[in-house]
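Reader: I'd like to go through this model with you. Can we start with the charged pairs?

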Amino acid sequence: MKRKTIGVCVTGYDWEYETRIVDGIYHKCQENGINVLVFASLMRKPELNHGEVLPNTIIRGETEIFHLINYDLLDGLILIGNSFLDPSIIPKIAKMARLHNVPIVNVNDTNHEVELNIHLSDKTAMESIMQHLVEEHGFTKIDFIGGFPGNLQTEERLKAYKKVLTEHHIPVKESRIGYGRFWKEAADCTETFLKTDGIPDAIVCASDTMAIFCMDYLKEHGYCIPEDVVVTGFDGIQDGLRYTPTLTTIRHAFSESGKTVELIESVWNGETPLHITYINSVLEKRQSCGCIPINDEESNNYCEDTYSTQHIFLGFNNYIFQMNTKFASARNSEELYLDTRRGAEIFHFKKFYVCICSNLEKNSGKIDKDNIRGSYTGIALQMVSMVQYGHNVKIGTIFPTEQLLPVDFLHGEKPVFYGFFPLYFQNQFLGYLAYEPTKTHGIGDFFATWVMSISNNAGSFYMKHELENIVDELENLYMQDPLTRLYNRRSMLWFGYNLADRAQQNGDWITVVCADLDGLKPINDKYGHESGDNAIKQAASAIRSAMPENSICIRTGGDEYCIILSHKEEHDIDGYIAKIDTLLQNYNRESGLPYQINCSYGFYSVSSENLTSIDAMMKKADERMYQVKIRKHTNW
């Protein structure tokens, strides 16, 4: 039976909250033999009221990974909707899922409900931690640190704080309420509490991060936790476990988020699940409330962790510096991505792919409009695999974008887990990274920094080549005749001098051929200027085709041409001229036009050691060409 595949859409996957939800989904899928494909962006949504605003270019670039989804490969789709940078894309994803009959679940997003929804409920979370402090510890002097005033999470948790106090007939004092803005301002709140109402029994924080800042302040000022003051958090982040004392907190039921997979499986089985499923949070009783004793051996764990992290950071920072240096000196795109293999080693990937839009890679930064997917102008119809790591796909392998990877990766013996992350630069979608990890946990800020470095350097590389293409085109416009695409008179001096220099270095001869279109005026007068332009172009085409590759073909005037070439002493110039005539005669015979296209020629050759100037040679060749015209006695 074909293995099922579930897609997961998430923003900020490298962050702990989202990672742990994905981890719960992954373990359930592994248990049931289901593939997992995570489509993720790295830039985290700013906290409400934090004042940070992300540019539209970043929001768009991060969001483009969701346009990559091939719904025909999916049997189910899970959104962690409250993490999305651009929530407006959620209805679009849901619509596409419906069109492809893919059941969809949205996790913890009350504002964008789809057919099936799971809410990791905080409804009773703060109440449970307050009840624990009041009923089990007997505390009555409890301070509260919220995030931002007006923030939904802050107000819900503050409401629960007041509710439990009121139910236990404990007065609610506004002086015991502060706002730490989900960051280090929690230390300022702690200082204010101590100065205003003295030492409380406990300080309840609306996030673990604020609780850690609060405990840092207390310890720096000689207070012991939990002997002098109990501190609790909210969220269940890993730093709370690494801190000493370990932080009593409320965590979402992350492992239970695998319930999303069960909902999708029930749809596969023909069942109709509830529109909304609630999963309650879990109280983690640890050392900061005194429920678990502190061991002396643990007292330095947090410092050791911090030192270890700093050591890793220094090593990673050195790698990023080296990678950026190599990026800057890359001569081609294969060299550009070569050092990403070292990053794949650092992050312990099993397999790693860099997939670049083929319209960028094949044209060195020049956009190929024929190779753009219709539904979104940034993602190409084809991708090019640019890195070989953990697999045998050759660099430069082209594959359809809908396939996602240049191999059949969904139908192996075991279920797979792959992450897909966008590469973009300014307004240009470049492609994506894809990897199979050794573990599903997000890799944190290091990974985000790495991916952004790859994006910025790759974008600069392709932009540089695009600018070079533009410069080349401008130079061509400056140096080419627009009608015939031969060089114009302006370019003659540049190329003529260069050719003469090379000829003198090699001891070659130089020949200048002058050609003149016969009877252009009568063609213009009788058949119109379009016919005259055609005659000029056909003569130019015959000259270009007949002359050798190293020759310089120039349109010097309305119906006048010049060819400059270097060669050994014995050279069949007459043969080249005869070939021009043959090409024109063939055209005249096959065109069916009422006029004939013919040219007159003259040429002059000298050895490089006797060369005086290209202009002097052109004058002699032109004189000989004019003598030929007189001898032909044409009637124009």
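Reader: How many salt bridges does the count come to?

Author: The count comes to 21 salt bridges, a salt bridge being a side-chain nitrogen of Lys or Arg within 4 Å of a carboxyl oxygen of Asp or Glu. This is a predicted model, in which local features need pLDDT of at least 70 and side-chain atom pairs count only at pLDDT 80 or more, while totals for chains, interfaces and linings use all residues. Residues are numbered from 1 along each chain as its sequence is written, and side-chain values use heavy atoms, with hydrogens and water left out.

Reader: Which residue does R176 meet in a salt bridge?

Author: R176 pairs with D143, at 2.7 Å from N to O. R176 sits in the loop between α5 and β7 (177-179) and D143 in strand β6, so the pair ties together parts that are 33 residues apart in sequence. Helices here are DSSP runs of H or I with at least four residues, strands are runs of E with at least two, and numbering goes from the N terminus.

Reader: Are R176 and D143 buried or exposed?

Author: Both R176 and D143 are buried. Buried means under 20% relative accessible area, exposed over 50%, and partly exposed in between, with a 1.4 Å probe and protein chains only.

Reader: And what does K162 form a salt bridge with?

Author: With E174, the closest N and O atoms being 3.9 Å apart. K162 is in helix α5 and E174 in the loop between α5 and β7, twelve residues apart. K162 is partly exposed at 28% relative accessible area, whereas E174 is exposed at 53%.

Reader: Which residues are linked in a network of salt bridges?

Author: K28, E31, K259 and E262 form such a network.

Reader: Which of its residues are buried?

Author: In α4, the buried residues include M126, I129, M130 and L133. The elements that the buried residues of α4 pack against include β6 (142-146) and α5 (152-167), contact meaning heavy atoms within 4.5 Å.

Reader: What follows α4?

Author: G138 follows α4, with a positive phi near 75°.
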